[in-house]
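Welcome! Please keep the sequence and the 3D view open as you read.

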Amino acid sequence: MKIPVVRNILEVNDRIAKQNREIFDRSNLFVINLMSSPGAGKTSLLEQTIERLKDKLDIGVIEGDIQCSFDAERIAKKGVAVTQINTDGACHLDGNMIREAMNQFDLSALDLLIVENVGNLVCPAEFKVGENMKAMILSVTEGDDKPLKYPLMFQESSALVINKIDLLPYVDCKVENIREAVSQLNRDIAVFEVSCKTGEGIDQWVAWLEKQVWDGKINAGQ
Amino acid sequence: MHEMAIVQSVIDIVLQEMDRHGVEKLKAIHLAVGRMSAIVPEQMRMCFDILTADHKLAGAELNIRMVPVTYRCRNCDQEFTSEGITFKCPYCEGPDPDIIFGRELKIESIEVMDE
Ligand SMILES: Nc1nc2c(ncn2[C@@H]2O[C@H](COP(=O)(O)OP(=O)(O)OP(=O)(O)O)[C@@H](O)[C@H]2O)c(=O)[nH]1
Ligand SMILES: [Mg+2]
Ligand SMILES: [Zn+2]
């Protein structure tokens with residue numbers, strides 16, 4: 001005998017993420033969930049972003065790492081509030097982990113909270129944490145076939161930062177191929193080409209991000 | 001391997017439902033998983049076996065129905081399915097159809113052992 005159930009498997013996480021979001025909204029705080037493969041440049045992009053934005057916005061960072069706290073230390077050097085989540089092997093952050101970590105900030109004192117997810121191109125895409133938007137990084141060293149191989153994260157993200165463009169002469173990867181595949185997967189996604197090493201393209205990304213934060217605040221205030 | 005976390009959520013929900021319906025032993029759990037979700041079914045079955053060893057769900061079958069991706073053309077409104085990703089409407093060749101099904105991660109039913 002079959003008993004119908006019809007429940008969303010991730011209902012508990014979705015609910016917690018929604019509550020997180022309500023808490024963030026009450027503090028008028030804009031939250032980004034930043035995702036990519038290991039080593040694509042999440043922490044590097046954060047360092048660059050913080051440097052350019054910290055005089056305009058109060059920024060907090062949650063660092064998700066399987067182990068160790070190197071990334072949190074790198075961010076702390078930039079002079080912003082940071083806390084570390086060790087996922088103990090888990091390949092993604094979830095709503096509960098963020099709930100614990102966010103309690104370590106004075107949320108109402110922040111404008112922007114950036115969550116650096118665990119380095120993984122697949123798993124984090126299924127788990128909401130309470131973010132206003134997801135952003136992802138693809139580095140050119142990973143190849144231009146990734147959007148079609150792992151479409152979900154590209155579909156879920158509002159922004160794609162193509163990083164390490166300083167390495168384009170040395171790798172078999174065409175930015176146009178990435179752009180074409182991505183625009184077919186997600187026609188609303190904003191795409192940026194940057195190098196965290198040379199700083200090229202970072203200003204455009206930062207300007208766009210700052211606008212998202214202010215627009216988010218205006219909407220929340222209405 | 002996020003399949004572990006997802007299977008743990010399946011088990012939590014199934015145990016609640018068994019409780020609610022006064023069921024002691026299950027023959028199978030039926031899931032619907034969209035092809036667009038980031039799930040590897042074999043990984044899920046493996047995690048299920050690991051997590052249910054020595055458990056009242058031990059031996060229950062985890063049946064995973066893969067839901068094909070269903071698109072709706074923004075140009076001609078036709079719906080069509082595909083096993084993978086497609087960017088063109090097969091009817092009018094219109095670009096970028098909307099995905100309307102294929103992202104699901106659902107429990108559909110639990111199947112009770114026949115007496
Ligand atoms: N050439 C080049 N190297 C870069 C660039 N951005 C980052 N890197 C290097 O790539 C490596 C990984 O960068 P991270 O910023 O630590 O990457 P991540 O995504 O935070 O890595 P995980 O947190 O371990 O997943 C470091 O050695 C960086 O110096 C870039 O634009 N060009
Ligand atoms: Mg990092
Ligand atoms: Zn059509």
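## A first look

Strand S3 of chain B pairs with strand S5 (residues 98-101) of chain B in the antiparallel sense, over 3 bridges. Please keep in mind that this is a predicted model. The points below begin with these strands, move to the zinc ion and end with the sheet of chain A.

**Strands in chain B**

- Within the pairing of S3(B) and S5(B), B:Thr70 has B:Phe101 as its bridge partner.
- S3(B), which covers residues 69-72, also runs antiparallel to strand S4 (residues 79-82) of chain B, and 4 bridges join the two.
- On that side, B:Tyr71 finds its bridge partner in B:Phe80 of S4(B).
- S3(B) and S4(B) make a hairpin, with 6 residues between them.
- Look in the turn for B:Asp77, which has a positive phi of about 70°.

**The zinc ion (ligand 3)**

- Which residues coordinate the zinc ion (ligand 3)? They are B:Cys73, B:Cys76, B:Cys89 and B:Cys92, each through its SG atom, at 2.3 to 2.4 Å.
- Along the chain, these donors follow the spacing C-x2-C-x12-C-x2-C.
- The arrangement is tetrahedral because the 4 donor atoms subtend angles of 103 to 114° around the zinc ion (ligand 3), and four donors count as tetrahedral if all angles lie between 85 and 135 degrees.
- B:Cys73 has a relative accessible area of 1%, so this residue is buried.
- B:Cys76, at 31% relative accessibility, counts as partly exposed.

**The sheet of chain A**

- Chain A holds an open sheet of 7 strands with parallel pairing, and their order is S4-S3-S5-S2-S6-S7-S8.
- Strand S4 (81-86) and strand S8 (190-193) of chain A stand at the edges; each has a single partner strand, so one side of each lacks a neighbour in the sheet.
- On average, neighbouring strands of this sheet are turned by 20° against each other, direction ignored.
- In general, strands of a sheet pair through backbone hydrogen bonds, either parallel or antiparallel.
- Strand S3 (residues 59-65) of chain A runs parallel to S4(A), and 6 bridges join them.
- One pair to look for is A:Ile62 with its bridge partner in S4(A), A:Thr83.
- Helix H4 (residues 95-102) of chain A packs on the sheet, where it touches S3, S4 and strand S5 (112-116) of chain A.
- The direction of helix H4 of chain A makes about 140° with that of S4(A).

Key:
Residues are numbered from 1 along each chain as its sequence is written. Chains are lettered from A and ligands numbered from 1 in the order in which they are written. This is a predicted model: local features need pLDDT of at least 70, side-chain atom pairs count only at pLDDT 80 or more; totals for chains, interfaces and linings use all residues. Side-chain values use heavy atoms; hydrogens and water are left out. Donors are N, O and S atoms within 2.8 Å of the metal (3.2 Å for Na, K and Ca); water is not among the atoms, so sites may look incomplete. Four donors count as tetrahedral if all angles lie between 85 and 135 degrees; four count as square planar and six as octahedral if opposite donors are over 155 degrees apart and all others between 65 and 115; anything else is irregular. Buried means under 20% relative accessible area, exposed over 50%, partly exposed in between (1.4 Å probe, protein chains only). Two strands pair if DSSP finds at least two bridges between them. Axes are lines fitted to C-alpha atoms, for helices over the stretch in contact, and angles run from 0 to 180 degrees between N-to-C directions. Contact means heavy atoms within 4.5 Å.
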